Amino acid sequence: MLRFVLRRVALVLPSLAGLLVVTFLLIHAVPSDPAVAMAGDAATPEQIERLRKQYGLDRPIWEQFAVYLGKVATLDLGESAFTRRPVARDIVQRLPATLELTFCALALSVFIGVPLGVMAGLKHNTWPDYLLRVFSVLGIAVAAFWFAIMLQLLFSMQLGWLPLRGELDVSIARPTRVTGFLLLDCLIAGRLDAFADAARHLVLPAVTLSLGGLATIVRFTRAGVLDTLQHDFVFYERAMGYRRLRLIWIYVLRNSVTATVTQIGLLFGGLIAGGVVVEAIFDWPGIGSYTVQAILTGDRQVMLAVTLLVGTVYAGVNILVDVVHGLLDPRLMERT
Amino acid sequence: MSRHGRLGRRELGGLAIGAFAAGALRSAQAADATTFVSGFGLPINLDPHQIFDVPMQAVMLNAYDNLYRYQGDPPKIVPWLAESHTVSADGLTWEFKLRSGVKFHDGSPLTADDVVYSFRRMLALALAPAGAFLKILKPEGVTAPEPLVVRFKLETSYAPFFAAIPSISIVNPRQIKANEKDGDWAKSWLASNGAGSGSYRIVPAGYRPLEYLDMEIFDGHFLGWSDNPKPVRKIACRPTKESSTRLLALLDGSLDCTDTNLPADQVAQINASKIAYVQKDVVMRTFIIRMNNTKPPFDNLNARRCFAHAFNYMGFITDILGGYATRDPYPMPDTLWGIPKDAKGYDYDLAKAKEYMAKAVAEGAPMKRPFELHVQSENEQSVQGAQLFQSDLAQIGINLKVVGNIWSNLTTAAAKPETTPDMWVHWVSTYFVDPENWVGQMYDSQFHGTWKASAYYKNPEVDALLRKARALTKQEERAPLYEEAIRKIMADSPDIWIYNSMQLQGLNKRIKGRRFCTVGQGAEMRWVTLAS
Amino acid sequence: MIPILRKLGRDLPAMLGLGIVLVVLVIAILGPLLAPYPEDAAAAHLLRRLKPPSAAFPFGTDNLGRDIFSRVILGARGALSIALTVVSTAMAIGVPLGLIAGYRGGWLSETIMRVTDVVLAIPQLVLALALAQLMSPSIESAMLALSLTYWPFFTRIVYAETRRLSASLFVDALRGIGASTPRIVFLHILPNAISPVIVRATIGLGFTILVAAVLGFLGMGATPPAPDWGLAIAESRTYLPRAWWYATFPGLAILITVMGFNLLGDGLRDIVDPRLRRSR
Amino acid sequence: MMPVLSVRGLKVSIHTDDGLASILDDVGLELERGRILGVVGESGCGKSTLIRAVMGILPKGASVDGGEIWFEGENLLAFSEAELNTGVRSSRIGFIPQDPLLALNPVFKVGTQLLEVMRWHAPDDGSRGNARRARHVARLVSLLRRMQVPDPEQALESYPHQFSGGQRQRLLIAAALACAPGLVIADEPTTALDVTTQHQILLLLRELVAEFGISLLFVTHDFGVVAELCDDLCVIYAGQTVETGTVRSILDAPAHPYTRALLACHPDRATSFLGIPGTVPSPFARPSGCLFAPRCLDVRPLCLSARPPQGRSSSGAEVRCVQYA
């Protein structure tokens, strides 16, 4: 197992390098000139030319790549052309917010989606199954921003139970930054008032973000359960008098979630990008809006760094997915 | 603070339990009478020498001071850190006499040396705010002959110099130098910190770029607070990204003001609420459809006139913008001096458009080719205007394609005539209150390559008039030159000038004492009081 | 073929799905003939902006006074072509790669999976933007960007399933009796691995329409005035919640179409899956 | 003496997409205490359904339409699913499945799976918690040792795919005996094995019946296995019992034409390689007369018109054929 993980980790580096090359080429193919964005609205062509020289944007692309790679090797992600802050610092500030949101959304999707999926599988082709199938389609087909606005209208405006937007109320002082994860920092600082407030701010965005993943998880779990129920061992286990609940939730489920776990890994990659809309509507200070801003202003350093980061998180999650696969099904571990 | 129309709150409230319920009650009382939650957009960083745009004004005017400042509506340039100024007859030497006793946020006194340092820093960074100064001012041209006198020696006479003086904030060199790295003028540091003397001080811990910013009152500001005994003590900038969230937050009382781009369609809804209203202010911000005069058929006068007659100006303003804009047929705001009031603009008249089209076709202009009109897709209004135009052009047989694009790509593309689209849409805001901000930089051919001059219009007579006007210092002498230039430009119809904006901003009714000025768009907070 | 159709005929939800898909197809083909105001694909009528549903405009009008009912009908063609093109392109690339990687093992498998990882890790927005700029922003560039970012999903799924199946006894047995590799892969492994692929594909049809809308909104996909469903929802945000009809009807169109594909997909899945067939 | 298991006139049908299928038409058998009863028939004759019916796990859409199943003096058909699950399966009726690889859950350790069964069904000896579990482990280890599984402790920690086919079958036999049932049902447990292993398993089963005092219902399609293992025999055709008796009597003098035909096909005593002509009648359309009549070499006009009555052959077997009426 350890060897397996080490091998996968070793393979991440070339993957990330590949990712970097692809992204670098892609970004440089875009005609948007970062020097123009940097110079600002009222700049003259001379100012722009000067910036282009200053940042080496006039050099050949391979040279720019070499310089960039050298910097990345020393964990220097460069400086954002427009916030003038080190990209690493911006990301360290924002990533925890996105991860916190993503993680909560994913947890919601899994804890609701898996049971619903199992139920749909067990009730195959009966009304509960049809309802759950329609419900899961709703999750896919409803535009996140529409759903988000409806949640805001109901829970913030009409009922007043949950805050409309943001991470923390204006009146509540931020806890000292330790991990960057607001909920954790609140706990570390022993600030239960801030924790409760931060948790309340998290509810609506997390519910919105969980929607797409929820649908995916329900459908894949349902398919997995249907598949597993065809196996002889289910009959054998019934014949041996396994308790029904344990049979389904332990012995059948573990055989059914391989594809679901794969999907959870894939979702994690998508959730960071998918968070863009949610972060925008709820003014969540995460990495999504930062990325969009960078794309809209042509900030190459940020685009590269975010790509690298998403790639790393993604690779990590997928190693985890493979490990979980191995834990779920020992046969897979032996083949690798 | 009371909340509006919450039906059945009491019945349903019983269901909310635990921390959530407790929190809900608390947040309803949260916004106190000294904290102002601002919806103004944030600049991409906090350094006033790097960024110069509308959101920056909201930071600059509160956290920094400048020598002169625009105040009032219509805007007047008034002394601020400077008490007065003199200018030599040739327009090359300017001297500013500073107030005494001004203190920076760190308590150190503000002197002429600090002003010199600030201008030199601005010139050395050579970013957006330096645009107006780079060609006319060298770093050694700024000096401090006396502790409270600053002298500027210009390379050439440049009338808009004075108009651009308010765009430069005075920073504290002691704080800057302490945070300098490799001679970078501390541009990394100042991007997320403050080093000013303004009415409010930036709280670095309360800043996350483009997300939020906290500012606290500076009790030691040179103007004192006697003119506002109950000022806002904390400005919490919490800009909204989505138009719908912005509306809800305003109606919910958790946002005191929106930004200044409220869509006209939301006006009625806000005015119907008990808690907020929509403030209307005329600003200097023109809306233009650019034509690339180098690409056929736009090199043909009749073709350009045909397009100018095909836009439904009043329909757009009245029906789509709800009347919240004024028709402005000139290439700059009609409230500014230098406008030839007798000049007649283009009106919506498809018959005329057809006539001009026939003429253009007769002259060999390719009117039947498909045209591209690039819009800023994130901006609903530009998209709507383009679609309206497309619909009208289709009626006279012109095939227009609307292409969604983004600002950075458009400005990059506009750097060369070949890459500049057939047509594109943008606004021109007030960077400084002078015709130079509009016609000067838009139609003088020396500015070709900047997005403001992206029509690639070239008329030697206009060039001469604009250059002459730029070199004179007296408004009475300059005005006739601009009037004549504008007449010529309008006759050539290089662009389609649509309207001058009316700014719509949603405000909480508890806001009192707001003072509006088109520069800064009402973001200066030092006179504001929050009624309880 | 006939027994498959007969089985499908007995599956009520699948028939409903088939019905929806057929209706949407017909609407897509005949759109301009069916729409009461076909000119509203591009025209603007300022005097009737944002009118609620009425007899003349059953779904109301949008921000430029265009009949939403007509635009929903006209939008079917675009929605279908985006969804089908993207998903089928992605499947055509992703499924064979997944089969090869899962069955063969060794360096070939490693290479395929690493490339898959790289592509999966490229943020969709960055890729879409780059392509939009290279090809000029259009629905085609959005489709290409989506196809290029979607195929690895299929590769991963098929890879995982193939790896599981090729470890199983029956494949060992097939190898033992000397069945050729293509025969094992296409006749025995693929049908067994197809169930999650169909699920993914049917989900993908819905996602694609919505992601294309987001791209369009950022200027990288469908551009106004195209009667695109997703674009309409995106544009309607400014007018929510007052003009509820603006988002609701295009949203329902997406919902019903996606649901149709999903129900049909579920039905097909039940038929194609050999294990389920056995139980009947 | 009362038989351990007695099935009388059992009818089971199933609703399918193609209509109502009659799977079991009229099945009867009796298993005496301490004996081994072989149930023989071609595939598709209803053997599996018979087992499922006894254990109360019929497939979706299937229902018992008539008949009785008596087990140790109790009518199993009157038991609810919960009663069967808590009080009968494993604890009173053990089960040995056909394919040991497919029957074991591939992703759980063997020990986990066997202990799961014992946790709910092992006889209560008063111990609780960890002590109880330890006793279960000890019993499993000794059982596995008896089954000649090498290194039983290690075996419990292994996954199903890590064993050979024969070992796996031994594990499952141990599982069937773990909770000390009185009756064990084996569903072709040797079919998936090679001949040597098959023989060893049969020997083992034979010994276990005496040693553990169980009765064994052994389902197979192989007369060779029956001859080697069983005391009594029940031949099923198309959901009907056609001949029952002792193994000796039937093998010596098969009475029913179907039994005779089946035996003729067996490689040990094959008289031809032709097999039985024709196929089992469709469960959707059963002939009105004798179900075997369309394939019978000795068919008479009466066979086609009415169901044949139950008779007795000279060797003492009960036979469903007009020839013995």
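**Chain C and its contact with chain A**

Let me begin with the interface, where 46 residues of chain C are in contact with 53 residues of chain A, contact meaning that the C-beta atoms of two residues, placed from the backbone, lie within 7 Å. On the side of chain C that touches chain A, α4 (106-121), α5 (124-135), α6, α8 (181-217), α10 (244-272) and α11 each supply at least two residues, helices being DSSP runs of H or I with at least four residues, numbered from the N terminus. That side divides into 31 nonpolar, seven polar and eight charged residues, where Ala, Val, Leu, Ile, Met, Phe, Trp, Tyr, Cys and Pro count as nonpolar, Asp, Glu, Lys and Arg as charged, and the others, Gly among them, as polar.

This is a predicted model, in which local features need pLDDT of at least 70 and side-chain atom pairs count only at pLDDT 80 or more, while totals for chains, interfaces and linings use all residues. Residues are numbered from 1 along each chain as its sequence is written, and chains are lettered from A and ligands numbered from 1 in the order in which they are written.

As for pLDDT, the predictor's confidence in each residue from 0 to 100, chain C has a mean of 80, with 89% of its residues at 70 or more. Where pLDDT is low, the predicted coordinates should not be read in detail.
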